[in-house]
Amino acid sequence: MEQVKKQKIKSSLNHKSNYAPFRKKITAKSIILVVTLIIVAIIQLYPLIWLVLVSFKDNTEIFGGNVLGLPKLWRISNYSSALISGNVGVYFLNSVIVTATTIVISSILIATSSYAITRMKWKYSKLTLIIFLLGMMVPIHSTLLPLFLILRKIHILNTYWSLIIPYVAFALPMGIFVMTSFLEGIPRELEEAACIDGCNIYQIFFKIVLPLLRPSLATVAIFTYLSSWNELMFANTFLNNPKLKTLPVGIMSMAGQHATQWGPILAGLVIATLPTILIYIPLSNQVQKSLMTGAVKG
Amino acid sequence: MDKVLKDKKAIFIFVFPALLIFFVAIILPIISSTYYSFLSWDGIGKATFVGLKNYVNLFVNNTDGFTKAVQNSFTLAILSVVIQLPLALLLALILARGVKGEGFFRTIYFIPVIMSTVVIGQLWMKIYHPDYGMLNSILENIGLGRYAHAWLADTKTALFAVFVPIIWQYIGYHMLLLYAGIKSVSPDIYEAAKIDGASEFKMATAITIPLIKPILQVCVVFAVTGSFKAFDLIYIITNGGPLHASEVPSTLMYNTIFNKYMYGYGSAMSTFIIVECLIFTLIMGKMFNAKKSKED
């Protein structure tokens, strides 16, 4: 049932319209509706356009009254000063390292454990799945302080691992949810054939199953990317070393220190957002689906 | 095949690492957090067991304004349900109706959802800037300069000023959920209604909205529990200030733990947030289920 609901919702993003009972005629009403949509689109988008525009201005221009318009001169120097003296380059690299490692580790763990849960035969497979899925309800707040103390005890505060481990842990429930339901829909014949050919379990998993999992691995990876790239609370608490800060924390501290340097700060914000937008533009449907999976868990 | 699938060693290798990380970073912390909430502890000295005293202090003595913070989070929850969701529903209905550039609008509306809260927070701080911000510039340009304001520094406006970006950011998310729900309604139903001469408004209220109730429920649960847990944007934009005017439970919790080092007291706050979310989710589930069985 849940499966069906999810399928329906997913497929509804693809084909044009089966709702659309009112298409066709151009009427005054439909013009009003489109104008409404455009106004909302401007409201949703204008702050970002403003961000990009101001990121090219200098203080005299911003504080001299030209806040809203196009910059008189497109100052790329704001970007170089954000990257170099604002350390945004370092923060960017840290974010890439943390996010990439999180995605790789969580994808592997999600794939292996989902496979063992859905396909392999052992007593506690159901229970294990339930325990993982319960994790979807856990808010990160409640784990903040205990995690801080645990990480301090095992001496990995102020290392990349202090973020990677919690990020992986929080990626697991949703990922296992997506992956197990995907695995249920894959026929077992291929694996059986491989088994008859004498493959062992690891060969079956890595050579046969893993390549089949690619589409749902992509869903999971997008989800994990967004949550770790943007995460603030853990990153703000577990890292003090300015050399290790990720983009969200780094930019916050930069904005605190150079409060009057709008250009470079906003340039930093643009740099932090750019990868997300670059992923989003070609994959917008996929990204939207990936973020909806959490809601249709029923 | 069976023998291969019963390989104990392989099962262990496949599941154990994930389970270990999950246990250390989620299960263990949840249990410890609840335990800490019964302690009086500064994190360094000796912890003493104080029973429910922390919880009593939250509400009875109420020296640091926890009840005010809870009230604020309730205000946010109500605003989300009465402003954010109806707007999202309206947009979803218009979009699903089939306009040119459907996918384009959907893509645009969703952009704020995928952006970092730090970016959004900084952006809105600049928008609200008393001297050079976009909001005041616009007000002056359209001749309403007398309303220009230090939005975030005024205890009267700070709370609502900080709620606007939160509501703004997630409209697209709710819109998309509702849109997907509307799209999965069978078109035959509308055909029948059309033949009966039902107006568009009538169809939306009598057919579409009742049929997407399960998704509406999900949206309400998300909007409300999201408001109870709201942290990032408030922490970035005002950090609960000025004078606790925009404080919510999670910002108070963060500052209680990491600035005042009251670990037990702060944990009581975080436990309260979880319990509050859990109770609301259960009530919503009950309410909708009760209605469902009545209708059946």
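Where does A:Lys57 lie in chain A? A:Lys57 sits in the loop between H2 and H3 of chain A. Before I go on, please keep in mind that this is a predicted model.

Is A:Lys57 buried or exposed? A:Lys57 has 24 other C-beta atoms within 10 Å. The cut-off for calling a residue buried is 20 or more, so A:Lys57 counts as buried. Now look for A:Pro264. Along the sequence, A:Lys57 and A:Pro264 are 207 residues apart. In space, their C-alpha atoms are 9.0 Å apart.

Next, the domains. How many residues of domain 1 are in contact with domain 2 in chain A? There are 11 in domain 1 of chain A, and they are in contact with 8 residues of domain 2. On the domain 1 side, the elements giving two or more residues are helix H2 (28-54), helix H3 (59-63) and helix H4 (77-83) of chain A. H2(A) provides the largest share of that side, with 3 residues. By class, the domain 1 side divides into 5 nonpolar, 3 polar and 3 charged residues.

Now a pair of helices. In general, two packed helices are described by the angle between their axes and the distance between the axes. The pair here is helix H6, residues 125-134 of chain A, and helix H8, residues 161-184 of chain A. Their angle is about 130°, and their axes are 7 Å apart. Because of that angle, H6(A) is oblique to H8(A). The crossing of H6(A) past H8(A) is left-handed.

Which residues meet there, between H6(A) and H8(A)? From H6(A) we have A:Leu129, A:Phe132 and A:Leu133. From H8(A), the partners are A:Leu172, A:Pro173, A:Ile176, A:Phe177 and A:Thr180. Sorted by class, this contact between H6(A) and H8(A) has 7 nonpolar residues, 1 polar residue and no charged ones.

Last, the two chains. In chain A, 80 residues are in contact with 83 residues of chain B. What classes make up the side of chain A that touches chain B? That side of chain A has 57 nonpolar, 18 polar and 5 charged residues.

To return to the opening: A:Lys57 is a buried residue, and its place is the loop between H2 and H3 of chain A. That is the end of my part.

Conventions. Residues are numbered from 1 along each chain as its sequence is written. Chains are lettered from A and ligands numbered from 1 in the order in which they are written. This is a predicted model: local features need pLDDT of at least 70, side-chain atom pairs count only at pLDDT 80 or more; totals for chains, interfaces and linings use all residues. Two residues are in contact if their C-beta atoms, placed from the backbone, lie within 7 Å. Ala, Val, Leu, Ile, Met, Phe, Trp, Tyr, Cys and Pro count as nonpolar, Asp, Glu, Lys and Arg as charged, and the others, Gly among them, as polar. Axes are lines fitted to C-alpha atoms, for helices over the stretch in contact, and angles run from 0 to 180 degrees between N-to-C directions. Helices (H or I, at least four residues) and strands (E, at least two) are DSSP runs, numbered from the N terminus. Angles under 35 degrees count as roughly parallel, over 145 as roughly antiparallel, 65 to 115 as roughly perpendicular and the rest as oblique. A crossing is left-handed if the near helix is turned anticlockwise from the far one by less than a right angle, and right-handed if clockwise. A residue is buried if 20 or more other C-beta atoms lie within 10 Å of its own, exposed if 12 or fewer, and partly exposed in between; C-beta atoms are placed from the backbone.
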